[in-house]
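This report covers selected features of one protein model. Please consult the structure below alongside the text.

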Amino acid sequence: MLVNMGGTNRDSSAISINADIDSLTAPPTPVIKAPCEITAGRNVQPFTRTAFVITSVDGSPEGSTLHYEQSFALKSTSGFAGGLCMTSDLRTFQKCAKKSRLQEVNLDNDASFTSWWKIVHFDPQERLEYEGQPVPANVKVVIVHCKTNQALAVLDSHIIWTRYGNEYEVTAHTFLDSHKAEQNNNHWIVCTSDPAGVLLQANAGI
């Protein structure tokens, strides 16, 4: 799971699939249709809505360790969740987040450069030192969209109503403080399916 630990006016939350369950592919194997919205839900327990898979985009073999600044894709799980890629692109008048009008993030079939992300150290002053080093699981990081260089963010002030309750809007937007460091809207913990896991791996569940 991708978990944000919250802020002054925001609870902890996890990136969650916000599917329109009235619009699925036909039985006998209904699957979520793309594009599909994502939100940040307050339920931070692992289940289909919150489970994603780190996927290689640079030819790295399955099971190889993910490194800081290395490009990867995040996919929903196969089956009902459709194996869709978390995707973003430059904001336009026609394509932007519903509430904030910032850069939209959703799930889609597109496996192109718009679905590439990278992890950087949460402290800008230490990024050069950590570049190319293995990314540990369960530590605070910043997740950056490769094409637009905007950081994955959860918003305090923009609430989306879902079948699961009120959840936070998710965008790709870098929120900087006075020291040019990302604010807690951009801080994420990548929680792996293996509680004992130390390093993030390509083609591994999170």
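## A buried isoleucine

Ile-15 counts as buried because its relative accessibility is 0%, where buried means under 20% relative accessible area, exposed over 50% and partly exposed in between (1.4 Å probe, protein chains only). Ile-15 has its place in strand E2; strands (E, at least two residues) are DSSP runs numbered from the N terminus. Between Ile-15 and Asn-4 there are 8.3 Å in space, C-alpha to C-alpha, and 11 residues in sequence.

## Basis of the model

The model is predicted: local features need pLDDT of at least 70, side-chain atom pairs count only at pLDDT 80 or more, and totals for chains, interfaces and linings use all residues. Residues are numbered from 1 along each chain as its sequence is written, and side-chain values use heavy atoms, with hydrogens and water left out.

## The largest pocket

The largest pocket has a volume of about 310 Å³, a volume being the space filled by probe spheres set on grid points joined across faces, edges and corners. Its lining comprises 20 residues, of which Cys-36, Glu-37, Ile-38, Lys-98 and Asn-106 are the closest to the centre. A pocket is an open set of points on a 1 Å grid over the protein atoms alone, where a 1.4 Å probe fits, with protein on both sides within 12 Å along at least five of seven lines; lining residues have an atom within 4 Å of a point.

E3, strand E7 (103-108) and strand E11 (165-172) each supply at least two lining residues, and E3 gives the largest share, 4 residues.
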